Amino acid sequence: MCVLGLGLIGGSLLRDLTAAGIPAFGWNRSPETVTAASDEGYDVSGDLPATLARAEREDALVVLGVPVPALPDMLAAVARHAPSCGITDVTSVKGEVLRLVGRYGLSGRFVGGHPMAGTADSGWDATTEGLFRDAVWVVTTDGAAGEDATGYTAGESTGESAGGPAPADVEPWLRVWRRVIDMAVAVGAAVIPARARKHDKAVARVSHLTHVLAEALAVTADQGGALSLSLAASSFRDATRVAGTEPGLVRAMCENNRDALVTALDETIELLNGARRDLADPDHDISGLVEAGHDARLRYEARAGRSGSGQANRPFILLRPGTPGWLDQLHYAESIGAQIGLLEV
Ligand code: NAP
């Protein structure tokens with residue numbers, strides 16, 4: 001495995017892969033991180049062409065651990081110095097990444113990834129072993145049917161190639177797909193498959209919207225002055241935790257998922273406007289929103305497991321990639337948010 005970018009996610013991945021006994025090496029732009037990681041015994045370089053040439057020689061899977069704005073330069077370097085390696089990423093948006101990957105002609109050997117794990121901290125100092133244990137790792141499936149996986153139009157229907165085996169030219173892509181899944185499983189994650197567009201719509205609601213609301217809540221509290229901040233306790237701390245994330249990372253994810261985020265934001269604004277109308281009218285109450293929100297939270301807890309229990313309650317589907325009917329199973333898994341495992345063909 002070859003990890004490019006050793007910040008919170010890439011660096012934690014390098015730690016976990018190494019701990020799992022999987023040969024892994026990395027590259028980072030800033031020399032401070034290269035020195036810090038090397039001092040801890042990790043196999044790390046600051047020479048990108050040399051690192052990619054090594055990845056090519058050793059048939060490594062290249063993992064892009066950098067934010068979206070850094071991807072064009074990374075993809076150009078991969079295209080040039082690692083012309084046949086499989087590629088994956090950890091970026092929080094998938095449609096924009098697929099578009100960029102297509103622009104560099106890398107779609108046939110790219111499988112997107114998104115570990116749903118992290119903290120509000122950044123950089124090598126924030127990295128930790130075990131970050132991905134029991135976390136969901138989304139693995140994209142655009143390209144599974146041999147369609148052009150260069151963007152949002154890919155694979156929207158559920159019936160393509162249903163019943164038949166995967167076309168022969170999908171085999172190289174499938175090989176990368178299996179490796180990405182094996183990597184996620186090796187670091188203790190639960191793999192959930194999704195096409196890029198479906199992923200982006202889902203994370204707009206459960207992640208990107210959370211960031212926007214956390215920022216707005218933090219600003220509103222701050223505008224209340226010193227007493228407000230002194231009285232802020234755990235509900236405020238929990239609801240604004242992600243506002244502590246490095247602003248560039250928040251912008252990179254939200255601004256690269258605008259359409260889906262605007263849709264989710266519109267729904268929230270409508271709910272908030274309703275709550276405001278009801279609160280402003282002494283003859284009304286906010287039971288509708290409060291009860292619906294409480295029910296929704298209970299449904300989330302039923303699926304995710306109450307915090308601390310460590311046991312998620314997701315459906316689990318075993319697949320044999322490339323065999324007849326497997327695309328239908330894959331899309332079914334996506335539609336019910338199921339975790340998948342792979343059987344040998
Ligand atoms: P991070 O801790 O800030 O690390 C960012 C890494 O990218 C660093 O290695 C940094 O190198 C490198 N980088 C940034 N700009 C670069 C550029 N222009 N050229 C080359 N390298 C560059 O960020 P992170 O949290 O690991 O996020 C990395 C990716 O993971 C992002 O796409 C993010 O969306 C995704 N992600 C984050 C979380 C989370 O909770 N944080 C969760 C899931 C996915 P330097 O050391 O040189 O700055």
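In which loop is G108 found? In this predicted model, G108 belongs to the loop that links α5 to β6 (110–111). Once neighbours within four places in sequence are set aside, the contacts of G108 are P172 and W173. G86, 22 residues apart from G108 in sequence, has its C-alpha atom 8.8 Å from that of G108.

**Helix packing**

Two packed helices are described by the angle between their axes and the distance between the axes.

| Helix pair | Angle between axes | Distance between axes |
|---|---|---|
| α3 (residues 48–57) and α4 (residues 71–81) | about 50° | 9 Å |
| α4 and α5 (residues 95–103) | roughly 40° | within 10 Å |
| α7 (residues 196–223) and α10 (residues 247–255) | about 130° | 10 Å |

Helix α3 packs against α4 at an angle of about 50°, and this makes α3 oblique to α4. The crossing in which α3 passes α4 is right-handed. On the α3 side, the contact is formed by L48, P49, L52, A53 and E56, and on the α4 side by M74, A77, V78 and H81. Sorted by class, the residues in this contact of α3 with α4 are 7 nonpolar, 1 polar and 1 charged.

Helix α4 also packs against α5, with axes that cross at roughly 40°; α4 and α5 are therefore oblique to each other. Their crossing is right-handed. Here α4 contributes L71, P72 and L75, while α5 contributes V97, L100 and V101. The contact of α4 with α5 contains 6 nonpolar residues, with no polar and no charged residues.

The pair formed by α7 and α10 packs at about 130°, which makes α7 oblique to α10. In this case α7 passes α10 in a left-handed crossing. From α7, the residues S207, H208, H211, V212 and E215 meet V250, M253 and C254 of α10. By class, the contact of α7 with α10 comprises 4 nonpolar, 3 polar and 1 charged residues.

**Ligand surroundings**

How many residues surround the ligand, and which are the closest? The ligand is surrounded by 26 residues, of which L8, I9, N28, S92 and G123 are the closest. For L8, a backbone N or O atom is placed 2.8 Å from an oxygen atom of the ligand. At G123, a polar backbone atom lies 2.7 Å from an oxygen atom of the ligand.

**The loop between β7 and β8**

Residue E129 is located in the loop between β7 (113–115) and β8 (136–140). Which residues does E129 contact when its neighbours within four places in sequence are left aside? The contacts of E129 are R15, D16, A19 and Y42. Between E129 and D328, which are 199 residues apart along the chain, the C-alpha separation is 36 Å.

Notes: Residues numbered from 1 in each chain as written. Predicted model: local features only at pLDDT ≥ 70, side-chain atom pairs only at ≥ 80, totals over all residues. Heavy atoms only, no water. Axes fitted to C-alpha atoms, helices over the stretch in contact; angles between N-to-C directions. Helix = DSSP H or I, 4+ residues; strand = E, 2+ residues; numbered from the N terminus. Parallel < 35°, antiparallel > 145°, perpendicular 65-115°, else oblique. Left-handed = near helix turned anticlockwise from the far one by under 90°. Contact = heavy atoms within 4.5 Å. Nonpolar A, V, L, I, M, F, W, Y, C, P; charged D, E, K, R; others polar. Near = heavy atom within 4 Å. Polar contact = N/O pair within 3.5 Å; in protein donor to acceptor, adjacent residues only side chain to side chain.
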